[in-house]
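Here are my notes on helix packing, point by point. Please read them with the structure open.

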2 protein chains.
Amino acid sequence: MGTDGRMVDTEFTPRRRGRPASTSPEGGSEVQSLDRAIALLRVLAEADGMSLSDIARTAELPASTVHRLLATLQKRQLVNHDAENGLWTVGLGLFRIGAAYLRIRKLPDIGRPVIRRLLHETDETVNLTMFDGNELVVVGQAEGHSSVRAFFRLGLRLPLHASAAGKCVLAAASPAFRGGLLAQVRYEAFAARTHRTERALMDDVTLTAERGYAVDDEEHTTGMRAVAAAIFNEWREPIGAVSVSGPAVRLTDDRLERLGRRVVAAADQMTRLYSGADETLPPEFATYR
Amino acid sequence: MGTDGRMVDTEFTPRRRGRPASTSPEGGSEVQSLDRAIALLRVLAEADGMSLSDIARTAELPASTVHRLLATLQKRQLVNHDAENGLWTVGLGLFRIGAAYLRIRKLPDIGRPVIRRLLHETDETVNLTMFDGNELVVVGQAEGHSSVRAFFRLGLRLPLHASAAGKCVLAAASPAFRGGLLAQVRYEAFAARTHRTERALMDDVTLTAERGYAVDDEEHTTGMRAVAAAIFNEWREPIGAVSVSGPAVRLTDDRLERLGRRVVAAADQMTRLYSGADETLPPEFATYR
DNA sequence: AGAAATGTTTCCGTAACGTGGAAAAATGTC
DNA sequence: GACATTTTTCCACGTTACGGAAACATTTCT
């Protein structure tokens with residue numbers, strides 16, 4: 001309403017296009033061979049070394065079919081085949097791909113309930129961002145009133161120097177790491193109040209470190225304010241941030257302060273969930289930590 | 001030679017059967033659709049959220065084909081499809097399967113060079129075992145002289161009360177955990193000298209804890225002796241053991257002592273490699289720890 | 001030793017199944 | 001409102017996967 005629109009589309013802003021998925025009661029197209037191969041992987045993942053005929057029996061498929069599928073999987077390193085005893089096991093290639101899940105989805109999946117609660121308590125848009133390269137990527141969100149619809153859409157990349165999320169990550173980073181990040185900042189001007197010098201940015205970051213949360217006072221988009229707090233991994237390295245944002249007219253100074261404390265609490269909770277011993281997640285996560 | 005054979009085949013002893021794999025110069029049968037699906041997973045694992053058309057362009061496949069494959073992968077949870085913005089990401093199912101790799105293959109893969117060195121230094125059969133349920137499973141080995149060929153083959157399960165590996169794991173376990181394990185021991189008699197009572201076993205375990213390594217003096221197989229030391233994870237919980245075994249006539253008391261010290265050193269090294277900061281392994285492993 | 005049993009790999013005729021172009025459906029952009 | 005994009009469904013075609021059977025090996029039984 002107050003803001004005059006999309007002058008600041010830093011990067012592409014992907015949004016649902018094309019024909020929507022059928023409200024499929026269920027099923028649809030499926031590829032038999034792929035479906036069977038996945039079934040084989042499931043079988044293999046539960047055993048530590050199986051012979052071809054064991055696998056074929058368990059999966060209830062003819063041996064020749066299983067052999068063909070396993071050979072393909074082996075060529076791509078998704079399964080190992082011990083040449084000496086002929087046993088098949090899950091392969092490193094599968095692990096490499098599977099490991100990507102943690103990098104990409106762990107925080108969003110864990111953070112969802114926290115974000116949603118924050119939305120209901122504050123009635124403002126909540127964003128979850130993850131550090132990637134030298135920017136922050138929006139990986140989760142919960143939008144408030146439909147009136148001011150999502151400025152920060154999933155996949156959008158936020159600059160370090162012109163976003164609350166970026167500044168709180170800078171404030172939380174180790175001095176050495178922060179130095180490396182600052183060296184790459186371009187100080188692009190997104191709005192009238194965007195920091196234009198390292199000096200100004202660092203003063204803000206120092207304040208942020210003392211305060212515990214960062215404030216974006218119309219620095220990214222004119223008319224928009226936001227507060228953010230950093231989320232950490234198990235070695236207390238910042239990996240992302242939670243932020244609450246809304247039109248400046250609604251986010252007055254004293255409300256900003258209350259939101260700041262609330263955001264810090266939410267970020268702390270996510271840190272504990274991310275690096276710690278909590279449930280709501282499948283047991284596979286317990287293996288790491 | 002001295003031993004009179006396979007009276008103690010606790011469990012199945014899988015060994016290479018059937019027609020051996022072709023010394024394939026390369027390739028062979030392969031399944032196109034599966035091969036393409038794997039390529040898609042690789043693409044997805046490198047990006048954090050892609051649209052269908054992006055994926056199709058990257059993989060150089062028609063959109064309809066990609067869609068069909070993704071739909072199948074999604075049904076099995078190997079990929080996620082965000083209904084709101086239509087982005088595809090790697091799924092939890094993929095992680096669940098990939099995580100099995102660590103459970104099954106991490107120690108064997110890491111331990112291989114250590115095992116091989118131990119073989120060359122001692123000239124006796126070396127075995128790597130992992131704790132599973134209430135037994136130890138042979139997951140890696142290096143065989144000495146072909147004369148006394150592998151008694152403990154890959155996949156063989158060793159009992160806790162009648163193997164050097166089992167006893168050193170018992171000795172290294174926490175009192176509470178050890179209690180739970182002991183309650184399940186059946187005291188099956190594998191050889192004349194097998195421990196038959198918890199009393200006798202615990203006396204041996206106490207001695208093992210003091211000594212640092214376990215000794216199997218013809219308790220599993222008459223005529224065979226072995227020494228073993230435990231391998232630990234990052235929380236100092238025993239996860240397996242390395243052992244050196246051979247005919248009693250070759251493994252005299254004083255040689256056993258020297259081998260014991262050597263086995264402890266090897267186990268320590270594997271503990272460091274397994275739980276620590278070493279390379280020789282792809283970067284994915286670094287994510288955990 | 002030889003024979004029988006078990007397990008793996010290759011072969012190949014058959015048709016089922018995956019393929020991909022095109023159309024339909026929906027949204028963003030001009 | 002027309003045009004450009006993107007996703008999803010559809011469908012005729014023939015490539016591709018299927019699986020029985022044979023060939024090949026190794027272990028076990030007699």
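1. This is a predicted model. In it, helix 1 (residues 32-46) of chain A packs against helix 1 (residues 32-46) of chain B at an angle of about 65°. Their axes lie 8 Å apart. Angles of 65 to 115 degrees count as roughly perpendicular, so helix 1 of chain A and helix 1 of chain B are classed as roughly perpendicular to each other.

2. The crossing of helix 1 of chain A and helix 1 of chain B is right-handed. Which residues meet there? Chain A brings Ser33(A), Leu34(A) and Ala37(A). Chain B brings Ser33(B), Leu34(B) and Ala37(B).

3. Now a pair within chain B. Helix 2 (residues 52-59) of chain B packs with helix 3 (residues 63-75) of chain B at an angle of about 110°. The axes are 9 Å apart. With 65 to 115 degrees as the range for roughly perpendicular, helix 2 and helix 3 of chain B therefore fall in that class.

4. Is the crossing of helix 2 of chain B and helix 3 of chain B left-handed or right-handed? Helix 2 of chain B passes helix 3 of chain B in a right-handed crossing.

5. Check the side chains at this second contact. Helix 2 of chain B supplies Leu52(B), Ser53(B), Ile55(B), Ala56(B) and Ala59(B). They meet Ala63(B), Val66(B), His67(B) and Leu70(B) in helix 3 of chain B. The class count for helix 2 with helix 3 of chain B is seven nonpolar, two polar and no charged residues.

Note on methods
Residues numbered from 1 in each chain as written. Chains lettered and ligands numbered in written order. Predicted model: local features only at pLDDT ≥ 70, side-chain atom pairs only at ≥ 80, totals over all residues. Axes fitted to C-alpha atoms, helices over the stretch in contact; angles between N-to-C directions. Helix = DSSP H or I, 4+ residues; strand = E, 2+ residues; numbered from the N terminus. Parallel < 35°, antiparallel > 145°, perpendicular 65-115°, else oblique. Left-handed = near helix turned anticlockwise from the far one by under 90°. Contact = placed C-beta atoms within 7 Å. Nonpolar A, V, L, I, M, F, W, Y, C, P; charged D, E, K, R; others polar.
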